[in-house]
Amino acid sequence: MPRHGVLVEPYRRLNGAQIEKAHRASLDMLLAPGIICYNREAAEVFGDGGAEVMPLDEAGGRRWLLKIPERVISEAVAAAPTVVKLGARDEDNSLVLDSREPRVRFASGSEANNWLDVDVEPFVSKRDPGKEMAFPVFSVQKGTVERLERAAHLCEHLDSWDGFLRPVNIQDGDINDANKDVNKFFASLNNTSRHVMAGLTDLGQLDNVVRMAELIAGGEDRFRENPIISFITSVIKSPLQLVGDTTQKLIEIARRGIPVVISSAPQGGSTAPIIEAGIVAQVNAEILTGVALTQMVNSGTPVLYGSVPGRANMDDLSDSYGAPEFSQYNIDCVQMARYYGLPSYSSAGVSDADVPGIQASVERLFSHIPVAMSGPQYLHYAFGLLERTNTFCPVQAVLDNTHIGMLKRLVAQPTISDSEVSECLEQVRRVMGTSHKLYVRFVRRALRSGEISPPYPFESTGLTDDTLLRAKERMDEIMALPRRHIDEETVERVYQQVPGLLPRLRVPASKREV
Amino acid sequence: MSEDIISLIRENVIQGRVNADDEGMDEGLAGQPGVNELVEKALAEGVSVADIINKGLTAGMSEVGKKFEAKEYFIPDMLASAEAVGSAMEILEPHLARSGIAAKGTVLVATVKGDLHDIGKHIVSILLRGAGYIVKDLGNDVEPQAIAEAVKAEKPQFLGLSALLTSTMVHMGETVEALKESGLRDSVKVIIGGAPVSEDFARSIGADGYGADGFQAVAMVQSLT
């Protein structure tokens, strides 16, 4: 049984006419000005598929202008699967993303350079030296393979974390472009049995990564049935440009028929219009270009409509994930994906704040809730991200997990049914026959069955805010749990057949010297 | 035989089942005898009232308290069990004097003049009954003088006053004054509770105690018993 996620009654921001306008605007953009393509093979594929292709440089150059007609887009959209399965090491954790069903799964995201540790220290009041209180203290660490492993282990034990999109950039001294892919995928797969998704650093490593996934999944055929990994390709450089090397990676991934996210992340105000109509039409045109390429390379390639539109901060043109426009843009894109019948990979839950706290909580819930309500099939960025996706904080991820659990209850479809109504009428009759007229005893079954929300686990008891301290305790408990590693025999085969893996990663975490 | 039925009473207190209609915590209990039916049966079989109370009801409630402290049980569970014990005590009340067993005490409760809110009062009443006290509820919006007259007639050991509104809490003080004017103040311990009141307020009106919630109210009554 796959992980179900939460089925929502989708919130619609755009009406049908507005969706149609955005669609038409995207098609207009694809014809004029068109897409600048930095990849020769892609230009040839588009040319063969019916696009007008014009070299932008003299002979031997590396830029082509693609003018993509509506037919190319509509054929690609028709060829792309409406349902994409993201498998998992434990197949019960697989995700079946059906574009016709607004069922939301929550995943991590980004590839943050920084890892934020939270410690708890006692502080003494200067005014009253007898008064000592505990407060969180933060320290920034560099992302490493070992920290990526810890993030994967955390994912394994947090109920709401449906998909593990590597949240940490591994920057160890012994990691380089040639071995980064195999190590980040292995570190992730060896510590979580949920779906693992990541970008590809080096095209030369693609087949090694796929071989690893096949070995872990139980063979080539099993991997086809249960694709335990997928790739993200940031194939677009906004505005409207196909990047050379990433486009080549996308072509090769598509040839192999592996699930892939076509991700576009324009920034309203700098690399896209800041006005809603403009950025939505542009990001849509960019994603459709990537979708078209995959389907022309290998019809039926499982693709996700990966929309990551953001808004520029007007102080420094950095991303501003806390701005309400971030949610607006993303909701619109979820609707566009549904319009095309493509599973939606959307974005929510990031904060501009550097540390967990009030700003971080407000900003992330400002997107978590409304974007989830719009019904994307795969909502990434949802766990632990701070400092505009530059920092991953495991304690924040623990908080996010609880808040997403609450959110799932909030956005779930209503359950009023004949049996519930008759049961409640019976309760009313029984309670009205008592002297106290209280329904409290009838709460018990709902409390135990999970029908109603459990108590907030990080609640403070006094006149202090202990939320982070409690979340830190929970994170420490999880980190002390045994890792759910791949069996030793499979690890042995992986190490024999996949070059570049760091020897230390095959040692179970519990047996490693700290 | 008597051990079996007492054990069943204890288990059903833990399950919070007043009667056969209740589901309790575990699957498949609905339709089986609850505490009321089991206590009736125990009395019919000649099981001693002391054993029913001490080994059945009190032992079950003690287990519930432990589960609550361990966060295995929540307030709805505690209240359900207390309700079952309170209901059993009503059945046993006529047998207490005959068995030489005294109730822990009588508590009169009332929501004061001008106030119709009674949820908190009901919760406290259920918990007090569950703890072995006889509780008599004077109702809501009760005039100070009417409360004083009830104290005179019922001769309770405790008087519990409840108010939810800042505009009605002042009538708690008036009720204490009415008791004084009737010469009854020293005959009864007055405990107050409700969202707007506090320990300081209780002290300011001359009450004997304050309970911030149902459990504190029961603990206060027990400490003054």
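Trainee: In strand 2 of chain B, which residue is the bridge partner of B:Thr106?

Mentor: Strands of a sheet pair through backbone hydrogen bonds, and they do so in either a parallel or an antiparallel sense. In this predicted model, B:Thr106 has B:Ile134 as its bridge partner in strand 2 of chain B.

Trainee: In what order do the strands of chain B lie in the open sheet?

Mentor: The open sheet has five strands in the order 2-1-3-4-5, with parallel pairing. Strand 2 (134-137) and strand 5 (209-210) of chain B stand at the edges with a single partner strand each, so one side of each has no neighbour in the sheet.

Trainee: Which strands does helix 6 of chain B touch as it packs on the sheet?

Mentor: Helix 6, residues 144-154 of chain B, touches strand 1, strand 2 and strand 3 (158-162) of chain B, and its direction makes about 165° with that of strand 1 of chain B.

Trainee: How many residues does each chain bring to the contact between chain A and chain B?

Mentor: Chain B contributes 13 residues and chain A contributes eight residues. On the side of chain B that touches chain A, helix 4 (75-96) and helix 5 (119-130) of chain B each supply at least two residues, and the largest share, five residues, comes from helix 4 of chain B. Sorted by class, this side of chain B has seven nonpolar, three polar and three charged residues.

Trainee: How does the radius of gyration of chain A stand against that of a compact globule?

Mentor: For 514 residues a compact globule would have a radius of gyration near 24 Å, and chain A agrees because its own value is 24 Å. Chain A has 16 helices and 22 strands, and 50% of its 514 residues count as buried. Among contacts in chain A between residues at least 6 apart in sequence, 75% join residues at least 24 apart.

Trainee: Is helix 12 of chain A mostly covered or mostly uncovered?

Mentor: An α-helix has 3.6 residues a turn, so residues three or four places apart point the same way. Helix 12 of chain A, residues 394-411, reaches 25 Å from its first C-alpha to its last, close to the 26 Å expected at 1.5 Å a residue. This helix of chain A is mostly covered, with 13 of its 18 residues buried.

Trainee: Why does A:Ala285 count as buried?

Mentor: A residue is buried if 20 or more other C-beta atoms lie within 10 Å of its own, and A:Ala285 counts as buried because it has 26 C-beta neighbours inside 10 Å. A:Ala285 is found in helix 9 (residues 276-297) of chain A. Leaving aside residues up to four places away in sequence, A:Ala285 touches A:Ser26, A:Met29, A:Leu30 and A:Leu240. The C-alpha atoms of A:Ala285 and A:Leu27 are separated by 6.8 Å, although these residues are 258 residues apart along the chain.

Definitions and conventions:
Residues are numbered from 1 along each chain as its sequence is written. Chains are lettered from A and ligands numbered from 1 in the order in which they are written. This is a predicted model: local features need pLDDT of at least 70, side-chain atom pairs count only at pLDDT 80 or more; totals for chains, interfaces and linings use all residues. Two strands pair if DSSP finds at least two bridges between them. Helices (H or I, at least four residues) and strands (E, at least two) are DSSP runs, numbered from the N terminus. Two residues are in contact if their C-beta atoms, placed from the backbone, lie within 7 Å. Axes are lines fitted to C-alpha atoms, for helices over the stretch in contact, and angles run from 0 to 180 degrees between N-to-C directions. The radius of gyration is taken over C-alpha atoms; the globule rule is 2.2 Å times the number of residues to the power 0.38. A residue is buried if 20 or more other C-beta atoms lie within 10 Å of its own, exposed if 12 or fewer, and partly exposed in between; C-beta atoms are placed from the backbone. Ala, Val, Leu, Ile, Met, Phe, Trp, Tyr, Cys and Pro count as nonpolar, Asp, Glu, Lys and Arg as charged, and the others, Gly among them, as polar. The expected span of a helix is 1.5 Å times one less than its number of residues.
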